[in-house]
Amino acid sequence: MKIYFIQSTPYYGGNKLVKKKRLYFVGLAPAILASLVPHCEFEVCLETIDEVDFKTDADIIAISGMGHAIIRSIDIAKEFKKKGKTVVMGGYMASLMPKEAKKYCDSVIIGDGELSFPQMIKDYQSGNLKPFYNMPIKELTYPLPKYELLTKKKIGKFLPVQAGRGCPNSCSFCSVYCLYKNTYLKRDVKEVIRDIKRIKELGYRKFLLLDDNIFSDIPYLMELLEEIKKLKMKWISQCSISIADNKEVLKAVYESGCEGLSFGLESISQESLNSMDKSWANVKRYNEQIKKITQAGIDVSTEMVVGSDGDTLLSISKTADFIVENKIVIPRFYILTPIPGTVFFEQMKEQNRIINYEIYSYNGTSAVHKPLNMTGEELTNAYWDLYKKVFTINAILKRTVLRKDFLKHPLKYIFYMYINFFYRYQINRGITPNII
Ligand code: B12
């Protein structure tokens, strides 16, 4: 029995596929899913770096898709269906719009795959495949992921290791909240360490700690950090900016090998944060908090969205100054998008503010809702202007190499400069950069 797992790549500029020579960060889903069905042959295609083998002899085509890459997932599914293959879909987007996804495949797994994927395979083998599987887990635990499926590929220096799944916050635009509500499950520290040890054995010295908010359970985090520290590895992750206010945790994070954290700052308008149910973050404190984190030796990258109700053309333009002033080494922006299934989508629908229902346009780079203080077109233009302003050569140099502590870590900042120039290249081609 053979399974062919495809992680699709997004389209850009109409029907061109985002392709890269190397996928620096990879997801964990294929390695986990393969470990759940050890009796099956499991082949992985990461479409950003691999070509889809439409002639595969696999029995099941399992397709995953993140964000707007779901459009490509659907096209792949259609192609395999034409060839008479059994196609199943899973991952965030299929889970948020299962009925839509089901139109193009035989079965959809909603949410966690730990219980449902082996069940789905069993049902397939007994000729009893169900259209939908929705079997949420109560405990986050799984066998050792089959990392070997990823290491042969052109990936970066990091392998993914998961600590928690879900998030205790409830931001209205967020897919994680939408899928998991406020459920936040953590893996046993021993299990997390088992995986880190495995990737060390495989020759990796760095890992991407997957957790939507690693700062939300401090005792758990401290226990985990103590164990990570012993392994002498480097890691990066993401969490809420409030970590800045806990000196002891920041120190432990740094000493355990953390090189950088990514923060969903979203906006420099407090009104915008409040409108997204993210009033727990305080814009006035952002500068000071970023400084504290940087001073603790941890590099700061940011994720922000434009187009929420507190945003004006002026505030979007000022966002560029904020990023340069704070010397954010890796900044990323998206247009706030009402992803179907999220609270924000329902709000926009109710207020009659969706201006484009064509899911193919929901890629976070053009407005599909009517913002409060500008037109959709103005928002799209302001978004690209923001990216261009933050990625001028001057701004890139200021944020990376022209800084007081450059001589302390020259190689690191030159590397960040290189990433920024790659982003600049992508932006000039109309591609929104994500972590390369
Ligand atoms: C690593 C990662 C990446 C990497 C790797 C991508 C890749 N191609 O492999 C990079 C950085 C490149 C990336 C890019 C993007 N990402 Co990303 N990414 C993640 C991240 C941080 C971890 C994913 C992961 O491994 N999770 C752990 C695994 C175990 O969980 P899982 O993927 O959900 O899988 C489980 C189930 O969903 C299920 N499952 C998953 N797939 C399938 C498939 C089948 C067939 C079945 C049966 C089951 C199944 O089984 C797994 C075990 O239970 C998540 C955040 C998160 N919370 O997951 C965001 C996340 C998935 N990304 C997201 C987005 C939006 C993107 C981008 C579109 C961003 C952009 N605008 O450019 C791009 C798309 C790139 C692409 N090629 O598709 C969103 C998705 C939201 C949504 N509604 O779809 C997330 C949730 C972040 C967020 N909070 O918004 N991403």
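The bridge partner of Ile 63 in β6 is Met 89. Strands β5 (residues 60-64) and β6 (residues 86-90) pair in the parallel sense over 5 bridges, pairing being assigned if DSSP finds at least two bridges between two strands. Helices (H or I, at least four residues) and strands (E, at least two) are DSSP runs numbered from the N terminus. The model is predicted: local features need pLDDT of at least 70 and side-chain atom pairs count only at pLDDT 80 or more, whereas totals for chains, interfaces and linings use all residues. Residues are numbered from 1 along each chain as its sequence is written, and side-chain values use heavy atoms, with hydrogens and water left out.

The open sheet comprises 6 strands in the order β4-β1-β5-β6-β7-β8, with parallel pairing. Its edge strands, β4 (41-46) and β8 (132-133), each pair on one side only.

In the loop between β5 and α2 lies Met 66. Its SD atom, at 2.8 Å, is the only protein donor of the cobalt atom of the ligand; donors are N, O and S atoms within 2.8 Å of the metal (3.2 Å for Na, K and Ca), and water is not among the atoms, so sites may look incomplete.

The buried residues of helix α17 are Tyr 413, Tyr 416, Ile 419, Asn 420, Tyr 423, Gln 426 and Ile 427. Buried denotes under 20% relative accessible area, exposed over 50%, and partly exposed in between (1.4 Å probe, protein chains only). The face of α17 turned away from its buried side carries the exposed residues Leu 411 and Asn 428. Just after α17, Gly 430 takes a positive phi of about 80°.
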